[in-house]
Amino acid sequence: MKILVTGNMGYVGPCVTRHLSTAYRDATIVGLDTGFYAPHLLRKDGILPECEIPQQYFADVRKPPAGLLEGVDAVVHLAGISNDPIGNVYEAPTMDINYRSTAELARQARDAGVRSFVFASSCSVYGFSEDGPRTEQSEVGPISAYARSKVLAERALEPLADRNFTVTCLRFATACGVSPRLRLDLVVNDFVASALSVNRIDILSDGTPWRPLIHVHDMARAMEWAIQRSGPFLVVNVGSQEGNYQVKEIAFAVADAISGVKIAINPDAPSDRRSYKVDFRLFRSLAPDHQPIYDLPTTIAELRDALREAGFNDPNFRESQFIRLRTIRRLVEQGLLTPDLSWSLRPRTATALQ
């Protein structure tokens, strides 16, 4: 078996390639990534996770190299603009990368004889909901460019699926947990980093909004399942019933794991536009052997220990390499990326490469 993983050099990707290499020991894992976050490793030894796979392409998913899909049996499509803040600033490239290039890559994959296409979608497509957990049949209500791009991609993928081309859209809960390329612009990861660096967690809302959570390793387990499933097209929420938390519950769980942390809640804050509980019963019925195994306390303890081991103590971490929007903006300001988020051949200064 040959498995192509796009976006394998981001936050989730290294965990996915490592897991698939173990789950499918005879498979050849191939990576494709544009490399925006390649040097941003949590560990200081500088060893790239991509050294663990036999082949790595450095390319924009909008312009995949010739022969990329030759002999590929399954595509795990992670590549994309990763969150609301980037999508709000760079809406046009978000649509090109997350929506249009997804549909085109899937079409090319089908024509090349690929059997399975796994798309990393998001529960953020539900937006704001007060009338119970969202199921796959619930109306979507995307409130950001990122979420809209996921909805449009799902809709573009459905007509491509047939009995020879299985398409699985995994609507993931909010990612969390340790990765070789850690992100700290995710709610659990942010709270742990803030607790460690300033002994304080500031909740910008009244703390009541709901977020479903899933560990990156459990995301990888779901992708393993999706590769092997049969049937033409499926949209499924991926997470666990127990993984639905209010934001304030997450903060107090972090405070339980890290002593001396103060929590500040803003009771007068305007309503958070994102709040949704999600129903994951369909995933539980379809994939009983690939259910999430990481709970919130375990995830928090793992993050705490990994950050301490890495010597993390940065009270300004929201301006650091661990925040995806900051990285993108720096690359654009330095002339290394064009406004459409393509690599430039003409950086503005020599120091931009340092």
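This briefing describes side-chain contacts and backbone features in one protein structure. The model is predicted. A search of the whole structure finds six aromatic pairs and 18 salt bridges.

**Aromatic pairs**

- A pair of aromatic rings is described by the distance of the centres and the angle of the planes.
- Among the six aromatic pairs is that of F36 and W343, whose ring centres are 5.6 Å apart and whose planes meet at 65°, so the pair is edge-to-face. The reasoning rests on a cut-off, because planes over 60 degrees apart count as edge-to-face.
- F36 belongs to the loop between β2 (28–33) and β3 (55–58), whereas W343 belongs to the segment after α10 (324–333), so this pair ties together parts that are 307 residues apart in sequence.
- The two partners can be described by their accessibility: F36 counts as buried at 10% relative accessibility, while W343 is partly exposed, with a relative accessible area of 40%.
- Another edge-to-face pair is formed by F312 and F322, with ring centres 6.5 Å apart and planes at 75°.
- F312 and F322 each lie in the loop between α9 (296–309) and α10, so the pair ties together parts that are 10 residues apart in sequence.
- F312 is buried, with a relative accessible area of 12%, and F322 is buried as well, with a value of 11%. Both count as buried because the cut-off is under 20% relative accessible area.
- Ring pairs also join F36, Y37 and W343 into a cluster.

**Charged residues over ring faces**

- R324 lies over the face of Y37, at 4.1 Å from the ring centre. Y37 is also part of the cluster with F36 and W343.
- K277 lies over the face of W210, and its distance from the ring centre is 4.4 Å.

**Salt bridges**

- R100 and D96 form a salt bridge in which the closest N and O atoms are 2.8 Å apart. Both residues lie in helix α3 (residues 91–111), four residues apart, which is about one turn of the helix.
- R100 counts as partly exposed at 45% relative accessibility, and D96 is partly exposed with a relative accessible area of 31%.
- R171 forms a salt bridge with E154, with 2.7 Å between the closest N and O atoms. R171 lies in strand β6 (residues 166–172) and E154 in helix α4 (residues 145–157), so the pair ties together parts that are 17 residues apart in sequence.
- Both R171 and E154 are buried.
- D202 and R200 also meet through their side chains in a salt bridge (2.8 Å, N to O). D202 is partly exposed, with a relative accessible area of 39%, and R200 counts as partly exposed at 37% relative accessibility.
- A network of salt bridges links E104, R107, R110 and D111.

- Most residues other than glycine have a negative phi.
- N199 is found in the loop between α5 (187–198) and β8 (200–203), and counts as partly exposed at 38% relative accessibility.
- L341 is placed in the segment after α10, and counts as buried at 1% relative accessibility.

Methods:
Residues are numbered from 1 along each chain as its sequence is written. This is a predicted model: local features need pLDDT of at least 70, side-chain atom pairs count only at pLDDT 80 or more; totals for chains, interfaces and linings use all residues. Side-chain values use heavy atoms; hydrogens and water are left out. Rings of Phe, Tyr and Trp (its six-membered ring) pair if their centres lie within 6.5 Å; planes under 30 degrees apart count as stacked, over 60 as edge-to-face and the rest as tilted. Helices (H or I, at least four residues) and strands (E, at least two) are DSSP runs, numbered from the N terminus. Buried means under 20% relative accessible area, exposed over 50%, partly exposed in between (1.4 Å probe, protein chains only). A charge sits over a ring if NZ of Lys or CZ of Arg is within 6 Å of the ring centre and within 35 degrees of the ring normal. A salt bridge is a side-chain nitrogen of Lys or Arg within 4 Å of a carboxyl oxygen of Asp or Glu.
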